[in-house]
Amino acid sequence: KFASDISKQSCNMEFLQWDCHDVARWIESLGFPQYKACFMDNLISGRKLIYVNCIYLPRLGVTDFKHMQVISACVRELLGITETLWSRSITDPPRDTVSLFLEKKSRSGERADSLTYQRFLRDMHR
(Lines give C-alpha, C1' and ligand atoms only; values in the text may rest on other atoms or scores of the structure.)
Protein backbone atom coordinates (compact mmCIF):
# COMPACT_ATOMS: atom_id res chain seq x y z
CA LYS A 1 0.00 0.00 0.00
CA PHE A 2 2.56 2.60 1.09
CA ALA A 3 5.24 2.02 -1.56
CA SER A 4 2.73 2.38 -4.40
CA ASP A 5 1.38 5.61 -2.91
CA ILE A 6 4.71 7.45 -2.71
CA SER A 7 4.07 9.79 -5.63
CA LYS A 8 0.55 10.58 -4.41
CA GLN A 9 1.77 11.13 -0.85
CA SER A 10 4.50 13.58 -1.82
CA CYS A 11 2.05 15.62 -3.92
CA ASN A 12 -0.48 16.14 -1.14
CA MET A 13 1.85 15.64 1.83
CA GLU A 14 -0.46 13.21 3.62
CA PHE A 15 2.66 11.57 5.06
CA LEU A 16 2.86 14.52 7.48
CA GLN A 17 -0.17 12.95 9.20
CA TRP A 18 1.49 9.53 9.56
CA ASP A 19 2.04 8.24 13.05
CA CYS A 20 4.97 5.97 13.94
CA HIS A 21 2.92 2.87 13.00
CA ASP A 22 2.32 4.26 9.49
CA VAL A 23 6.03 5.04 9.10
CA ALA A 24 6.90 1.53 10.33
CA ARG A 25 4.54 0.01 7.74
CA TRP A 26 6.13 2.19 5.06
CA ILE A 27 9.64 1.05 6.11
CA GLU A 28 8.43 -2.54 5.91
CA SER A 29 6.96 -1.91 2.43
CA LEU A 30 10.43 -0.76 1.32
CA GLY A 31 11.74 -4.23 2.18
CA PHE A 32 13.14 -3.50 5.63
CA PRO A 33 10.81 -5.19 8.13
CA GLN A 34 13.76 -5.61 10.51
CA TYR A 35 13.73 -1.82 11.12
CA LYS A 36 10.04 -1.43 12.01
CA ALA A 37 10.79 -1.57 15.73
CA CYS A 38 13.64 0.96 15.36
CA PHE A 39 11.26 3.52 13.90
CA MET A 40 8.44 2.74 16.33
CA ASP A 41 10.69 2.73 19.43
CA ASN A 42 12.04 6.15 18.40
CA LEU A 43 8.53 7.46 17.66
CA ILE A 44 9.41 8.49 14.10
CA SER A 45 6.26 10.05 12.67
CA GLY A 46 5.73 11.47 9.21
CA ARG A 47 6.74 14.90 10.49
CA LYS A 48 10.02 13.54 11.84
CA LEU A 49 10.96 11.90 8.53
CA ILE A 50 12.52 15.20 7.39
CA TYR A 51 15.37 14.45 9.84
CA VAL A 52 15.91 10.83 8.77
CA ASN A 53 19.12 10.61 6.73
CA CYS A 54 22.39 8.70 6.74
CA ILE A 55 23.65 10.73 9.70
CA TYR A 56 20.57 10.06 11.84
CA LEU A 57 19.80 6.44 10.88
CA PRO A 58 22.57 4.83 13.01
CA ARG A 59 21.04 6.51 16.08
CA LEU A 60 17.79 4.72 15.24
CA GLY A 61 19.56 1.37 14.94
CA VAL A 62 20.05 1.18 11.16
CA THR A 63 23.77 0.54 10.69
CA ASP A 64 24.05 -1.30 7.36
CA PHE A 65 25.38 1.36 4.98
CA LYS A 66 23.53 0.07 1.91
CA HIS A 67 20.28 0.00 3.88
CA MET A 68 20.97 3.54 5.09
CA GLN A 69 21.47 4.73 1.51
CA VAL A 70 18.24 3.13 0.28
CA ILE A 71 16.14 4.38 3.20
CA SER A 72 17.58 7.91 2.92
CA ALA A 73 16.88 8.00 -0.82
CA CYS A 74 13.31 6.76 -0.27
CA VAL A 75 12.73 9.38 2.43
CA ARG A 76 13.98 12.13 0.08
CA GLU A 77 11.72 10.79 -2.67
CA LEU A 78 8.72 10.64 -0.34
CA LEU A 79 9.34 14.18 0.87
CA GLY A 80 9.97 15.47 -2.65
CA ILE A 81 13.45 16.71 -1.78
CA THR A 82 16.05 16.78 -4.51
CA GLU A 83 19.51 15.57 -3.60
CA THR A 84 22.12 18.25 -3.06
CA LEU A 85 24.77 18.49 -5.75
CA TRP A 86 27.88 18.78 -3.61
CA SER A 87 30.30 18.87 -6.55
CA ARG A 88 29.16 22.29 -7.79
CA SER A 89 30.67 24.48 -5.06
CA ILE A 90 32.55 24.38 -1.78
CA THR A 91 29.92 26.61 -0.14
CA ASP A 92 26.59 25.36 1.10
CA PRO A 93 24.19 25.06 -1.82
CA PRO A 94 20.85 26.88 -1.75
CA ARG A 95 18.22 24.94 0.18
CA ASP A 96 15.29 23.29 -1.59
CA THR A 97 12.06 25.15 -0.71
CA VAL A 98 10.24 21.87 -0.11
CA SER A 99 12.78 20.80 2.52
CA LEU A 100 12.60 24.23 4.19
CA PHE A 101 8.80 23.97 4.27
CA LEU A 102 8.93 20.45 5.69
CA GLU A 103 11.28 21.58 8.46
CA LYS A 104 8.63 24.12 9.48
CA LYS A 105 5.87 21.48 9.25
CA SER A 106 7.91 18.98 11.29
CA ARG A 107 7.28 21.07 14.36
CA SER A 108 4.13 20.61 16.36
CA GLY A 109 1.63 23.24 17.31
CA GLU A 110 -1.15 25.29 15.83
CA ARG A 111 1.13 27.43 13.62
CA ALA A 112 2.83 24.43 12.03
CA ASP A 113 -0.48 22.60 11.62
CA SER A 114 -2.09 25.51 9.80
CA LEU A 115 0.90 26.36 7.58
CA THR A 116 0.35 25.58 3.90
CA TYR A 117 3.01 25.36 1.21
CA GLN A 118 1.45 28.30 -0.65
CA ARG A 119 1.52 30.48 2.47
CA PHE A 120 5.11 29.40 3.18
CA LEU A 121 6.17 30.46 -0.34
CA ARG A 122 4.31 33.77 -0.01
CA ASP A 123 5.95 34.50 3.36
CA MET A 124 9.36 33.53 1.98
CA HIS A 125 9.10 36.10 -0.82
CA ARG A 126 8.19 38.94 1.55
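How far apart in helix α2 are Arg25 and Asp22, counted in helical turns? They are separated by about one helical turn, because they sit three residues apart in that helix. We will come back to this pair after a look at the whole chain.

## The chain as a whole

This is a predicted model, in which local features need pLDDT of at least 70 and side-chain atom pairs count only at pLDDT 80 or more, while totals for chains, interfaces and linings use all residues. Residues are numbered from 1 along each chain as its sequence is written, and side-chain values use heavy atoms, with hydrogens and water left out.

The protein chain has eight helices and zero strands. Helices (H or I, at least four residues) and strands (E, at least two) are DSSP runs, numbered from the N terminus. Of the 126 residues, 38% count as buried. Here buried means under 20% relative accessible area, exposed means over 50%, and partly exposed lies in between, using a 1.4 Å probe and protein chains only.

Contacts give another view of the chain. A contact means heavy atoms within 4.5 Å. Among contacts between residues at least 6 apart in sequence, 46% join residues at least 24 apart.

Helix α5 covers residues 65-79, which makes 15 residues. From its first C-alpha to its last it reaches 21 Å, close to the 21 Å expected at 1.5 Å a residue. That expected span is 1.5 Å times one less than the number of residues.

At the start of α5, a side-chain oxygen of Asp64 comes to within 3.0 Å of the backbone nitrogen of Lys66. After the helix comes Gly80, whose phi is positive, near 75°.

Which residues of α5 are buried? They are Met68, Ile71, Ser72, Cys74, Val75, Leu78 and Leu79. They lie on the same side of α5, because they cover an arc of only 165° around the axis. The arc is taken from the directions from the helix axis to the C-beta atoms. The face turned away from this buried side carries the exposed residues Phe65, Lys66 and Glu77.

The largest nonpolar core has 31 residues. A nonpolar core is a set of buried Ala, Val, Leu, Ile, Met, Phe, Trp, Tyr and Cys residues joined through side-chain atoms within 4.5 Å. The residues with the most contacts inside this core are Trp26, Ile27, Phe39, Leu49, Ile71 and Leu102. Two or more residues come from each of α2 (20-29), α3, α4, α5 and α6 (97-105). Helix α5 gives the most, with six residues. In soluble globular proteins, nonpolar side chains tend to be buried together.

## Three salt bridges

How many salt bridges does the rule find? The count comes to three. A salt bridge is a side-chain nitrogen of Lys or Arg within 4 Å of a carboxyl oxygen of Asp or Glu. In general, side chains of opposite charge can pair when their charged atoms come close.

| Arg25 | Asp22 | 2.2 Å |

Now back to the opening pair. Asp22 is buried, with a relative accessible area of 16%, whereas Arg25 is partly exposed at 39%.

In the pair of Lys36 and Glu28, Lys36 counts as partly exposed at 25% relative accessibility, and Glu28 counts as partly exposed at 35%.

The pair of Asp113 and Arg47 links distant parts of the chain, 66 residues apart. Asp113 belongs to helix α7 (residues 110-114), while Arg47 lies in the loop between α3 and α4. Arg47 is buried, with a relative accessible area of 15%, but Asp113 is partly exposed at 47%. Leaving aside neighbours within four places in sequence, Arg47 also has contacts that include Phe15, Leu16, Lys105 and Ala112.

## One more loop residue

Trp18 is found in the loop between α1 (6-12) and α2. At 7% relative accessibility, Trp18 counts as buried. Trp18 and Lys48 are 30 residues apart in sequence and 9.7 Å apart in space, C-alpha to C-alpha.

Definitions and conventions: Polar contact = N/O pair within 3.5 Å; in protein donor to acceptor, adjacent residues only side chain to side chain.
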